[in-house]
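Here is a short report on one protein model. Keep the sequence and the 3D view open as you read.

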Amino acid sequence: MIRLIALVLAILVQPVIVQTTTARTTIQPARIDRKALVSRHAVELTRIDPHAPMMVGNDNLGFTADITGTQTFADAYSPLVPMLTMAQWSWHSFPNPAGYAERDGWVDVPMPGGRTAPFPWIRDWKELETRPALKWLRENPHRFGMGRLSLVMKRSDGTDATLNDLTETRQKLDLWTGVLHSSFRLEGVLVRVETRVRADADTVLLKVSSPLVATGRVRISVRYPGVHPRINPDPQDWDNNDAHRTMAVERSAGHIIAERRLDGTSIWAGISAEGGRIDDGGAHRFIVSGSGDTVKVQMGFAPERAAIDIAKFDQAADMADRGWRSFWQSGGAIDFSGSTDPRASELERRIVLSQYLARINASGAYPPQEEGLFSNSWNGKFHLEVTPLHTAHWATWGRPDRLERTLGWYLDTLDEAKASARLRGVEGAWWTKMSGPNGWNSPSTINPFILWQQPHPIWMAELAYRARPDRAILLRYADLVEETAKLLASLPHRDAGGNLMLGPPVVPAQENHPPLTTTNPGFELEQFRFGLILAQQWRERLGQPRRADWDKVIADLPSPPMGDGLYVPVAPGAEDFWDITRSAECSRDAHPPKCLNRDHASFLMSLGPIPGRVDPLVMGRTLDAVERHWDLRQLWGWDFPIIAMTAARLGRPEAAIDWLFLDQKNNQWQVNGMTPRVHLEGETQLIGPAAAQAKAGPDGPGYRRAAETYFPSNGTLLLAVGMMAAGWEGSEGQAPGFPSEGWRVRTEGLTPLP
């Protein structure tokens, strides 16, 4: 017994990394006070921020709330804030009387060796007007909003209260328990609201307390929308009541279970009112009235009736709170308290809020869409090239089970990916770029040719294994790794001189290169090579021999292309890429078509998230050139932490911090922890359907705000800061990505990157 107690104590007081302002040392201080760490970054508001509502949720459902803790005043927010209740599983398709299938979007595209292969390629966005199959395939399936929970408030004279009637508005998001506390006064009378989401069911819990509840001047509305044809950013249709059905199949004064039918989609909804009753409120609407000063309402959703479980409110609320406390007490943590760098507290805030938002938006059974459960972009579909930017951090932050939820989708669609590879005359599994649950690749001008998502399943499986080295994990993902590696080895082809080439067709991570003439994108070359190296290690762990054909590809893949002594995005045009980029006509304010110093600086990614075989001196000079000559306005939110990872691996921790805090429109961190997606007016990213979702925002002349949140920013920040704190294979010292001056870095539960 004494030995057992000693062992437990040893585990509980395991070393914590501390970096002081004078030296990097490993000591054994008290463990991080996680409650204090999380609680000091609680979000507090006293008025509406039209660009930054709050979110509550669990691992599967997100609920966006206004200043009242409900969805009452949606019109007071940006048009890009749709106030949704959306789940990972809430997918819908419009009717398909023509029976369009994935093949109806294909066109033959030239491939190496004189053959052709089918791709869902749109040469010009105008084709959407003449080829209805393309439009249907691009839009379906899509995520949809399931219900709106709001307050119905009356003035003393019986007229409807408005936002202007509310005074002393206060709101606090308690991150430790996931509870949103809101309060306000209506004609001087206090109203308190608590909002949370159950841990064990996709159910919103709302507790409203006020004398106005008993008098009927404050009631609760539950309303169900249809699906609007525009889909983005708000898929809710509140006008066409005949286009969907709500059928109550079980009902009492305080309890309803209803079936919801939207075209061919059927879901189940439940409402419970403790301390009140439920009445009809019109089409697809119910009104909850309280019998006393407090009413407790549950609004739940499920894909099947059996999953609608309306538990006792207080029990459900307690489980929700415990779910969040358990989340924070598990996995990794970083504490910067005691640092003298003035940016430390802000970085800690971003880290904590990013973890909170990632649990809600990026830990479900499907890869996350780029705006998570907050709003729809690209029809609510997910983009597999950025999936690890959302989810890879789960493994390095000691929560690999959350990453494995996403990997489950890859296992489920492996056969579809293998069929896509056969269709294109290669081996293994070909992973889509923009997809829904069915794994179909959505038609686009560029999506079909993007390749940097192909190695991701191997990298994510490897991170899951390193976080929990278990043979069961090796066996679980053995086929996924093997089939993905077959694709990586068979897709590169030999040119007439016997040289191995990647593409055409290919669109690199820097997406402004023509697909039919581009070859050998530098980052993708390193990705493919690194993926094959990991796949060989996977085989060896399972006691299998290395594959000689894979080793041949590893040896023969060309090095990342260079020009003028610097790394460049792709091989074509390598020699004059930097000459053009540095020219006056390619300044940050002017962009002729030949200027490519915009979008993602993908060549920097060869040393950052992965340990590419680059020359550190050359990469250092390339990083300097990007800082001087790139149009930094056109970087996306995930670029800043990715570049910080490059700087960290180069031994430039000060630069890494500077990149994390670079003052650009797409690196703004709002009070709720979200970063917007902002484009330049006329930027190519706004051509075509994407232009319809761009709205004028607060970013000043020359900019268009396209979204109020972009969750790859949050996931990549966690991946980058985790690496900077825990290190990577071959790094030296503690917290090697942080400066030795000004930063005190304490960590728990983090895993180094390869």
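What percentage of the 754 residues of the protein chain count as buried? The share is 61%. Buried means under 20% relative accessible area, exposed means over 50%, and partly exposed lies in between (1.4 Å probe, protein chains only).

This is a predicted model, in which local features need pLDDT of at least 70 and side-chain atom pairs count only at pLDDT 80 or more, while totals for chains, interfaces and linings use all residues. Residues are numbered from 1 along each chain as its sequence is written, and side-chain values use heavy atoms, with hydrogens and water left out.

## The whole chain

The protein chain holds 21 helices and 34 strands. Helices (H or I, at least four residues) and strands (E, at least two) are DSSP runs, numbered from the N terminus. The radius of gyration is 26 Å, close to the 27 Å that the globule rule gives for 754 residues, so the chain is as compact as a globular protein of that length. That radius is taken over C-alpha atoms, and the rule is 2.2 Å times the number of residues to the power 0.38. Along the principal axes, the C-alpha atoms fill a box of roughly 85 × 70 × 60 Å.

The chain exposes about 26,800 Å². Carbon and sulfur atoms supply 50% of that area. Accessible areas come from the Shrake-Rupley method with a 1.4 Å probe; for residues, only the protein chains shown count as cover.

Now take contacts, meaning heavy atoms within 4.5 Å. Among contacts between residues at least 6 apart in sequence, 70% join residues at least 24 apart.

## Sheets and hairpins

Strands of a sheet pair through backbone hydrogen bonds, either parallel or antiparallel. Here, two strands pair if DSSP finds at least two bridges between them.

| Strand pair | Bridges |
|---|---|
| β11 and β16 (residues 218-223) | six bridges |
| β12 (residues 166-174) and β13 | seven bridges |
| β13 and β14 (residues 189-197) | seven bridges |
| β5 (residues 61-65) and β6 | three bridges |

V152 stands opposite R219 in β16. T167 has R185 in β13 as its bridge partner. S183 stands opposite R192 in β14. L61 is the bridge partner of A87 in β6.

β13 (residues 179-186) has six of its eight residues buried, so it is largely enclosed by the rest of the structure. Two hairpins involve this strand. Four residues lie between β12 and β13, and G178 takes a positive phi near 70 degrees in that hairpin. Two residues lie between β13 and β14, where E187 takes a positive phi near 50 degrees.

## A covered helix

Helix α4 (residues 132-139) is mostly covered, with six of its eight residues buried. These are A133, L134, W136, L137, R138 and E139. Their cover includes α3 (127-130), β10 (142-143) and β27 (434-435).

Is Q298 buried or exposed? Q298 counts as buried, at 1% relative accessibility. Q298 sits in strand β24 (residues 294-302). A polar atom of the Q298 side chain lies 2.6 Å from the backbone oxygen of A311.

R34 lies in helix α2 (residues 34-39). R34 is also buried, with a relative accessible area of 10%. A polar atom of the R34 side chain lies 3.0 Å from the backbone oxygen of S330. Beyond four places in sequence, R34 touches residues including W176, W328 and E748.

Conventions. Polar contact = N/O pair within 3.5 Å; in protein donor to acceptor, adjacent residues only side chain to side chain.
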